[in-house]
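Each label below is put to the test. A value is set against its cut-off, and the conclusion follows.

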Amino acid sequence: MGRYIVRRLLAAIPVLIGLSILLFAYIRILPGDPCVAILGQHRTPEACAALISNLGLDRPLWEQYITYLLKTLSGDLGSSVVNSQPFLAEFLTRFPGTVELTFGALLFAIGVGIPLGRLAARKVGGWVDGLITGVSLFGVSIPVFVLGLALVVIFGVILGWLPTQGRIDARARFDATSGILLIDTLLAGRLDLFVDVVRHLILPSIALGSIPLAIIARITRASVIEVANEDYVRTARSKGLKEKTVDSRHVMRNAWLPVTTVVGLQVGGLLGGAVLTETVFVWNGVGRWVVDAIQNHDYPIVQSTILVFAVIFLVVNLVVDVGYALLNPKIRYQ
Amino acid sequence: MSDQHLLEVRDLVVRFRTHDGAVHAVNGVSFDLAAGETLGVAGESGCGKSVTNLAIVGLLPKPAGRVEGGSVKLQGRELTTLKEEELRQVRGSEIAMIFQDPMTSLNPVLRIEEQLVETIQAHREVTKEAARARAIDLLAAVGVANPESRLRSYPHEFSGGMRQRVMIAMALALEPRVLIADEPTTALDVTIQAQVLDLLRRLTEERGTATILVTHDLGVLAGMADRVNVMYAGAVIESGTTDDLFAKPRHPYTVGLLRSIPRLDGETGGKLVPIEGRPPDLIEAPVGCSFYARCAWRTDRCATETPALAPIDGGKGPIVTSGPAATHVVACFNPVAPAEVAEGRPLPRAGGATQ
Amino acid sequence: MFRAALVDPQSARVSRGLWSDAARRLRRNRPALVGLFCITLFALAAILAPVIAPFDPYEMNGSSLDAPSLTHLFGTDLLGRDIFSRVLYGAQISLFVGVGAVVLALLIGGVLGAVAGGFGGRIDGIIMRATDVFLSIPSILLAIGIVTALGRGMAQLMFAIAVSYAPTFARLLRGSLLALREADYVVAARTIGASRMRILVRHMLPNALTPLIVQATLVLATAIIDIAGLGFLGLGPADPRTPEWGTMLVDARRFMQTAPHIVVFIGGAIVISAIGFNLLGDGLRESLDPKLKR
């Protein structure tokens, strides 16, 4: 098991190196004078000089790369060309918002997707199956921002049931320690605000979670159907086990395996989709910040966000793979 | 039924619904099984052997497969109409099964221990410790070395032969009256096959377990079975004691089967003879004899009328359906004459038979 | 044993060749037909936009924010432009950019995958690590990064989306090629001394194309969604007046409270085209997979 984890960690190293080369190149292949390309309208002679020395643009390429790598590893992820704020500080104040949104979406996708998939698998070809297949088809075919806008119109504007903007009532005052409001409101003992946070979270989570939900429901359905046809499930029935035991111990224990992998893979899409969702719901997270950065041509911010999101994605999938190995004795003992 | 058999199958009909229509998988199969007896079932793949067994214990793939007629009685108790929960109690404890592929028949993510213990606990109110002790005994009985430590293993840590031993241990865990072994050695190496068969025979004899042994390997049946049913296109077409059947096969299909196995003693002249043609498409309802298209002995009557199982020599005395004195029955209007068996083709007959 | 001497009853069903078999099964697959219908609708809208569109999509043809009427089927936008006409021309852009991006992605990914899977060894390792790098970046973020760097424009949009899907195609093709390398007929071709290149082109590629075609159809759906997504983030075509669906939604969003129908019409157009490609892709997968043959 330990060796498996080490092997998976080692396998991530070339990807991380490749990622660093790609993003190193990103800033340097911008067309035209780097000063013009990167600083654009924020260009001043001083800023230009600072940028050149900061990125080491006057040094040989390999030296620039080593510098970039060392800086990145030491946590210096560059700074905004607009307001010179370091990336990491600003990122850390924004990130909890994105974490909260991603968590909500994943919870929705898993919490609804897996039961739907199991339900569909139980009655293959029936009308429930057809309905669920239709819902999941709709889920992968509707863009998050279209679904988001539709939810805003229906539940916010027409019905007025749920808030459609922001993460919490703007008038709320309490101590924000972690930045993750679901935790902070509880720590502050403000159940009313916790409920408010949850209410704010519902619509964005549904919008962002719809694609992963559809994918998770599909893979759960396919996986359960496949496992249900396995010989060992027939063996389990032939032994006279109760149907409940057959389902939980023999079907689901095996059906989880592909589902866990797919859940891990959804995190990438969720982080990407958060950019759009945060824009629709005026959600204070990394996504909206990046959109501002795009509009301001703030390349270092875009560059480092991509890096951090990619690393998070890799780490999450590493964790998922280890979880997969724990569920699957064949890998555990290799 | 005058004297009750352990298991009585009567006119069993099973259909599968598919997109191309209903598949007539089993068309009126009847047979009896006496306590302690080993009944061999032979026939090529798709002839309904396995489907019949799954139908007996109510494990036909849902929702496509359905028993559409006939009855299955275990000690006089009708199984086809039982509620799922009652049937569940029969499965494993009264009728147990062993399947063909030991590589896929055990759950890969559960330890052998869990799979044995859950079987015992599904039917007996015993503690986990007691079930575990029983599991150790069972593993020892099927010849697994270090049963106590092997109990902690996962299926993939066992070889194919060992896994099939575990399957046998699991099937016999509750001392069932009937064991259905569906091609139990087909997936194993030839050298392992003999060991597993020996074990199976020893354990069932010790326990007096009646066995239905399905195989397409007639060599296995010759050594293991007391009686043999030959199945073709979802029906039993010949049945008798193993000795009778191997010595005096009467159905053209049985003759073909016997002639297509290699024999070391060279009795059939050493030449392997395939049966020409292929089995009928079971999607169409059978009309006439199902073997008609491939049969060298066929007559006009065979095309339109379906022959029923009847004693070979025209029905002297009552038909015995089980045990060593079982009547040799065949479903054929024009059975193979003894002299024709070696030739594998009809010979001109004196008195001008219905050719 | 004797089973070998008997004919396998499974072979009784006659096969008419992969593609005609697939076409036959596709015709019986109702969801796939619905998909085909949606795609036809989408393609017709795109191709015939100049003929059907009642108004010039760039010109003011009515007053601001008119409700849907017989003249303006979908109403008008803030600048009084006919939304129906703009949606039709938007289909043209989505179809053009989407198909272009997928074709480009197929070319890039196809070459990489064929080289990796066909030759293996070190080159395979390098290509696969490279795809790992690209696949670790959320695809919309990768596209955002590329368009931000290259500047706005249809070609840039096409390229950005192509780059984010090329690794998927490369891996898919490589995977099928690796599986095929062990296939009996490929081994057979090798034993009779066919050249590596000939085996790859004649025997392996045609058989590896099926999953690629299915995936390309499904990716078209996501590509259309991604194009709109980039447009929605302000990374659409260079000219902000261009009737691109995502770009149009930015405006529509501002009047969501007073004129929600605009969001519905534009969003509906995106959803219908995406559903079309998703349905067709699923249908193709089912009908091209001979294992599912019944």
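The model is predicted.

Q: Why is C:Asp239 called partly exposed?
A: Its relative accessibility is 29%. The class runs between 20% and 50%. So C:Asp239 counts as partly exposed.

Q: What makes C:Arg241 and C:Asp239 a salt bridge?
A: Their side chains meet at 3.2 Å, N to O. The cut-off is within 4 Å, so the pair is a salt bridge. C:Arg241, at 45% relative accessibility, is partly exposed.

Q: Why is A:Asp129 called buried?
A: Its relative accessible area is 3%. Buried means under 20%, so the label holds for A:Asp129.

Q: What is the salt-bridge partner of A:Asp129, and at what distance?
A: The partner is A:Arg221, at 2.7 Å, N to O. The pair links distant parts of the chain: A:Asp129 sits in helix α6 and A:Arg221 in helix α9 of chain A, 92 residues apart. A:Arg221 has a relative accessible area of 25%, so it is partly exposed.

Q: Which parts of chain B does the salt bridge of B:Glu113 and B:Arg132 tie together?
A: The closest N and O atoms of the two residues are 3.0 Å apart. B:Glu113 lies in helix α4 and B:Arg132 in helix α5 of chain B, so the bridge ties together parts 19 residues apart in sequence. B:Glu113 is buried at 10%. B:Arg132 is partly exposed at 24%.

Q: Why are β2 and β5 of chain B said to stand at the edges?
A: The open sheet has the order β2-β1-β4-β5, with antiparallel pairing. β2 and β5 each have a single partner strand, so one side of each is left without a neighbour in the sheet.

Q: How do you know that β4 and β5 of chain B pair?
A: 2 bridges join them. Pairing needs at least two, so β4(B) and β5(B) qualify. B:Lys73 stands opposite B:Glu78 in β5(B).

Q: What span would a straight helix of 38 residues have, and what does α11 of chain A show?
A: A straight helix would span 56 Å, whereas α11(A) spans only 46 Å between its end C-alpha atoms. There is also a kink of about 45° in α11(A), centred on A:Met252.

Conventions. Residues are numbered from 1 along each chain as its sequence is written. Chains are lettered from A and ligands numbered from 1 in the order in which they are written. This is a predicted model: local features need pLDDT of at least 70, side-chain atom pairs count only at pLDDT 80 or more; totals for chains, interfaces and linings use all residues. Side-chain values use heavy atoms; hydrogens and water are left out. Helices (H or I, at least four residues) and strands (E, at least two) are DSSP runs, numbered from the N terminus. The expected span of a helix is 1.5 Å times one less than its number of residues. The bend at a residue is the angle between axes fitted to the seven residues ending there and the seven starting there. Buried means under 20% relative accessible area, exposed over 50%, partly exposed in between (1.4 Å probe, protein chains only).
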